[in-house]
Structures are given as structure tokens and as C-alpha cells.
Amino acid sequence: MIRSIVYLSLLALPILGYAQSKVVITFKVMDKEKNSCLDADAPKNFIFQYEYSSGYKDIKGLTSLKCYNSYTITKILGNFRIQILAPEYESQYLNFNITQQSKDTLYLGEVYLKHINSDIISNDKNTSKSSGKEKEIDGIVVTGTRKRFIKLDANKTTYTIKDNDLLSGGSAQETLTKLPGVIKGYGGNLTVNGKSMSIYIDDVPTGLSGSDLENLLQSLPSTAIEKIEIISNPGASYDAKTGGGIINIVTNGRALRGVNGSVSLNYQFNKNNRVSPSISLNSRLKNVSLQLNSGFNYRENDKTTYYKREFTSFSPSIIFNQKNIENRFNRFYYFRPSSNIRLNKNSNLLINYNLSYTSNNNYYTGESLSNNKIEPINLLNNSKYSEDNTNHELTTKYKIKLDTLGNLFDITASYKHYDKSSNNNSTQNNEGVDKYSVNDIDYKSDYFQISPNFEFSFNKLDVKLNTGGKYSQTKYNSNGKYNLLNTSSSIFDNPNYNSFKDFTYDENQYALYGELSKKFNKLDLNAGLRYENLEFKNKVKGTDQNLKYTFEKFFPSFSLLYKFNATLDFNATYRKSMLPPSYSNMDPNLTNYYDEFNTSEGNLHLKPDYYDNYEVSLSAWRYLKISFNYTYSKNINMLYYETEDNSLTVNQTTRTFTGMKNYNVWVGIPIPFQLVTRGKKFFEQPMNMDKMNFIYLYGMYNYYKVSDYPYLDKVKPMWFYVIYAQLILPKDIKLTTFFLSSTDKGYFEIYKSYKPFRYSNIELSRYFADKTFKASLGVQNILGPTKFNSDINNFNLKTNYYSRESDQLFYIKLSYSFDKNRKIKKVNTIIEDENMNDNKLFPSAPLK
């Protein structure tokens, strides 16, 4: 049965590509009082509607800044009308019909809009103040009844999260791991189609990594997210040092008069508890729009890790087994206010401030055993690791329209300060001998950036030019104080530090770029070139360990999107990029767990990663998709375990390797149940995934090969399989499920997998009180806990790693929206631009 359904889905591709008859609809939008074209800077919303026997229904919503408008639609017989809305004007309808005798081009003439004679709030496109109260204009929701959860552009794919029941609910991290192609790898980093990704929030890099970034993603609720942009090959206007690509999380930057927003609570439990309350508020006072996202996250988590290490420099080899049990208690707070100040008709100032605070207490119990007959080892380790860190970010953006032709200038400045202190106390007992260790490490980093940008529109050529630059400066310092393997427990009260490490890192970067965008009839092209100059130096004070590196290079980028019609798209991108070594991977100070047989330190001699990224994809309806990705990394920095000859001490560090190739093939197939019951009639109307019963299948082939890593045996690819499902049950209850599994054998970078990596989730949800209240019940890891089991082979050492996270996790999610003006168009308070223009209608207009 499934094979037949998949076959029908694939069979639809040539049907979609078939060249149907087209009709070009043209018309002008005029100001009735001025008897001239409506101002070019006044956005006009068009709702195309088709007449059913029961009346007119929406097909497509579009936005335009033009006076003369031209759109291409499929030649389908019947009656149509266009509802035209513009701020400060009364709405109008433009009626037309299509018959067999209709010409290929229909000029509908001029439509005159009458100005509303009242005091209009200049910062709100769809409200008036005729009586001191907000007035809702009928039909202002331009998307009609069909929600578009996926938007495809030449250089990015955008997923709508708000009101998307399959993706909303839970944390940002849970939402991200449900996006097609997004995998949380063995190192804990998120990858998309095999490529490493940088995380942005509202178009600004988070500046966080490792556990700090994970804390933020686990604490930020998906109810605070408007959309997520997957920018697999960012253009020249983005930093070349973003590596493989960018995941940009766009929060609900909207504001209305009065106080509006939402509150949510996410409670998860098994033998541990996790509680995440959050609040999102927005308001507008005259020309000032305000927003606040804030929340708290408390998490308890258990993790068991096993290491089986074989030290091959001994004859015979020595097997060393280690078991760690980790109990984590994490508290995370965040406070993210933002504002949009409308200075005048053509300019505004945006200000975002982000504050986060983390407090972690981790308790480790470790047991290590060796079959070394010469020196038997039975090591017990009990330690407590605690850390507190604070992150401050301030970003401002000034934006001004230079003229009415669409030319813009903006300048963005941001400053970030990160402060972290950690403490680790441990007691170790080896064959009845106690030893005690203590260390304290303080970290500080400061980052400053300023980025001017010009956007020029050449309307006659339908060309846009973005050009600008960037200057940034980073300073990082860590101070480590140690007293390790002391025979006296008094060091816990009086540390008497006898070892010190002071590490500094300084980075300066400036860049210039230019990027051209051109739209043809069915083709969108982007091409850019970026010049980067980067200098960084690091040093361990009091030693001869220091490095200075200067780098300058040009980075080209290119992307195209070809629309066979409005449902079938072909996309191709290329980008050259780099990723400087993380200063945290250079830092020599010890982190987290260690004992006399396990250490951890950075590597000052890491080199930047270099990438050449290629991607091509074909998609239909934006849901049925196949893509191929190839990435070549000249250098790549990866986790590495090292040990000396005849030694049982293992040091965890990072090392630069050369010549890594990654091949990735991704296929996604939606299987709507109505495709089986209605056959080809299913294609006669737009798909609304929000109201549809469906199964969504995707599979991913991922192959890595590192040319200069000599410790790999025959490299095998990894396969990932995912099943989404949505069922609309009685009483408007939705059942959504998600299941991901990998093959049990294969390589992820240099890690050889032995057990499948799995993640599963099932959830029941329902809206109440006119969709203002939503309740969800669900279970994570319903098919078992998340596990990692892999080998990594190094010089003198073979390591088998196995970890097991918490078991099944039950949860309750509650959210309440008190957006009293939900139908009124809202104002952005986020630092980002959104282009809603589209000159093609959905071709599958409904038939009578």
C-alpha cells in the first residue's frame, strides 16, 4: 500500500511540470482623490478569490508596492475577483472571468481607491483612529484560508512555526530537530543535510556554543518563534566564517496597541522534572513598538556513559573500562526586550537587548577498571562541577528609506559580553589511596561589531544590489587555578592553588561585500562576492605557547531558483566559506570531568576550517523534495583523543584534519490521505497541511570521508529515516507523531556508529476558547531513550563510547494567547527584513 502511495506522489512530478495554458492579469491601482497612481511606498495587499457554488473563497494573497501590476495564473474557466486593500484606503473588488475565448493577456483597467478620511496611525498598516479606537478592516489577512508553512527562496527555506501544530509546542531545540534534514550529531552540534550550522536569533549570531547554546535552545519556547530560516549557503552579505550554513530563529517580533502576548508552561517528567514557564508580550505606544520574551527553565537529567579503551602500544593491549553516571541540575533564565522606534515616515530605529543567566550543578560518579596485571587499577571518582554564567547582548539597527524607488540604508551595531565562572571538586580513590583535586576557572569575552549596508533597486532592470561591510573585534580571556591530586582534603576549604593557566585570544576582522539579485520571468538569480580580512592571536601567559594568524581571501556565492510553475521549483546554490577555530577549543584550561587517567585541554595550533558547499534540489508544493549536497573541507577541526606510548592517560582535545568530503542526498515525500480517496482531483485545490491528514516520509543518505585520518576502516554511509504523521481526530483534537532513526552501522565524520540513533514523540493537542488556549499531552522517547554507541580510533588508542539519556519523558504543555487584536496586521520589532512580494499565483486554482 505504501509503495503505491509513494508511486502516486512521484508520478505527480511530470504532471506538475506540464505546461498548462496561462493568462496574464494586469491592472493599475489609483488614488481616487489625486487621480494618479497610489504612492509607491504604500503597500497594497491583493487577495485573489475564486467563485464556488457556495460563494467566493480565497486562492492566494500577495503584497505589492507597484502601481502597474501583472500576474500570471493558470487558465481555468470561471469567475474570479481580486480584493484590493491598502492602509488609509477603503477596500475595493476587481471582478473578471475566464472563458475559452479569453485572450492570453487580460487588462482589467484601473481601480480607484478612496482615502479614509481619518487620522491613521502611521506605524500600523491596517488600523485607524476615527474614534480613538482601533478598527479592523475586513479581509486584511492576506493569506486567506490556506496557510503556507514552507516558503522557498533562492538562498533559503523558511518554515513557519507559529500556528504550525506539527512544529510548535515545546522548546526551540525540539522544533529544530523536527525540521527536515536537521540532525543533532555525535558532538552535540546541529547539522543540516550533513553540514555544520551556525545559530542566529533574529538575524544576529547567538555568540554561544556547547552547553550554553543548548541551554538557550532548550529554554526558548517555540511559542515565541515566528519562523525558522534554513540558509544552507548564505550569500555574500553574511559572514564568510559561518561555516556550513545558518539556522536563523525569528522570534515573534510583532506589536499592537494595548498589551498583547502569550504565556506558556511546559512540564516534563519521569523520575526527573523539567519545568519551563515563559511569557511573550508586545505593545505599541504611538510610534514605539515594544516586545518582551522572558522565561525560566529548570531541568533535571541523568546520563550514563561507558568508555571501553584499548591501549595498543602495550603488548598485549590493555583494556581499560570506565563508567560515568552524571546527575545534572540546570537553571536558566532569559530576558529579551526589543523595540522599534518609528522616527519618521522613512526611518526607524530598532533596539534589542538579550540577557541570559545559567546556573549548573553536575554530580559525577565514575568507576574505572583495568586488566593491567602489572599495575591493577580500580579507580573511583566522585566530583561536583558547578558553573554560573551571564550573557549580555545589545544590538541596534538604524534603517532609512533613501527614496521612493526602494533604495535603503541601514547600519547595525552590536556588543556582547559573556562572563562565566566554574568550580570542580573531586575525590579519587585508586586501590585504597585517596587523592583530592580542585580547580576554579573564570572566563570572559567581549565582542563588538558594526555593519553598514546599502540596498539599491533598479526597477527598470528588476535588479537589486546589496553592498556594505563589517568590522568586528573579539577579546577572550580565561584564568585557570588548580591544585590536582593532592593527598589532603583540606584543599576543599583552603585550595592553595599551585598551578595557573592564563589564556588570551584576540581577533580583528573586517569585510566588504557586494551582492546582485535579478528576477526573470521564472528565474531568480543571486550572485555575490565577499572579501574577508581576519587576524587572530592567542597566548598562554608565562609560556612560549602563542600563535598569530593573518588571513585574507575572497569568497564567492551563487544561487538560483527556477520556477517551472508555482508548485515545481529547482534550486541550486554554491558558496565558499570558512570557520575560524573556536577559542574554547584552543583554551588549555581543563573542563568538567577529569582524573589521573583523563584530562582535557585545548589546542593553540588549530587552523581555520575551509568549505566549498554545493547544493541542488527539486521540490513540488514545497513538501515533495529531493536534494543533493556536496561539501569539501580543506581543513576541519574535530574532537580527538590522544595518548602517549606506554601510557594509560587519555587527553581529550581538538585537532585539525585536511580533506574531508561529505555527500548528502535527502528525499522528502508527503502522502496526504486524500490522495488515495480522491485521486487526481486532490490536485485541483491548494494543499492546507494544517487541516489535512497525512504522513510525511523523508530519508537521508550521509557519507563522510576524511582523507588524512589513517585510523578508519572501510567507511560506510549513514542513513536516517523520519516519519511525521498528523491525524485530525473528533472534537478538533490533533494527533501528531515524529519518529527518527539512523542505521545501526555507518560513519558520522570520524565516529563509527554501532547502534541506531533514535528520537520519537507522540502528542495530542487541542485549541480552546477561539484558539486562545492550547493544551497538549505527549510522550518523548516513546520507543526508548536516546543512545549513542560509536568507535573512534586514534594513535595508540581505540575507544568505544556508549551513552544513554533519560528514559521515556511525559509532558504537559499549556499556552494562552491574550492577543485581543489578533486579526490586525502587526508591526515588526525584530531586526530583520521580510519580502512578501510574489508575482505568480498558485496554479491549481479550484474548478467548479
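Predicted model: local features only at pLDDT ≥ 70, side-chain atom pairs only at ≥ 80, totals over all residues.
Where does Leu-777 sit? It is found in strand 41, which covers residues 773-780. Leu-777 is also part of a nonpolar patch on the surface, together with Leu-265, Ile-812 and Leu-814. The four residues of that patch have about 310 Å² of accessible area together.

Now the chain as a whole. There are 848 residues in the protein chain, and 54% of them count as buried. The accessible surface comes to about 37100 Å², and carbon and sulfur atoms hold 55% of that. As for secondary structure, the protein chain has five helices and 45 strands. If we take the contacts with a separation of 6 or more, 69% of them are between residues 24 or more positions apart.

Four strands make up an open sheet, in the order 4-3-6-7, and the pairing is antiparallel. Which strands are at the edges? They are strand 4, residues 55-64, and strand 7, residues 92-98, and each of these pairs on one side only. On average, neighbouring strands in this sheet are turned by 25° against each other, direction ignored.

Within that sheet, look at strand 3, residues 44-52. Strand 3 runs antiparallel to strand 4, and nine bridges join the two.

Strand 10 is joined to strand 9, residues 150-152, by three bridges, and the two run antiparallel. How many residues lie between strand 9 and strand 10 in their hairpin? There are four residues between them. Here the position to look at is Lys-151, which stands opposite Thr-158 in strand 10.

Strand 10 has a further partner in strand 15, residues 225-231; these two pair in the antiparallel sense over four bridges. In this pairing, Tyr-159 stands opposite Ile-228 in strand 15.

To go back to where I began: Leu-777, in strand 41, is one of the residues in the nonpolar surface patch. That is what I have for today.

How values were computed
Residues numbered from 1 in each chain as written. Heavy atoms only, no water. Pairing = 2+ DSSP bridges. Axes fitted to C-alpha atoms, helices over the stretch in contact; angles between N-to-C directions. Patch = residues over 30% accessible without salt bridge, like charges linked within 9 Å, V, L, I, M, F, W, Y side chains within 5 Å. Areas by Shrake-Rupley, 256 points an atom, 1.4 Å probe, with all protein chains shown as cover. Salt bridge = Lys/Arg side-chain N within 4 Å of Asp/Glu carboxyl O. Buried < 20%, exposed > 50% of the residue type's maximum accessible area, 1.4 Å probe, protein only. Contact = heavy atoms within 4.5 Å.
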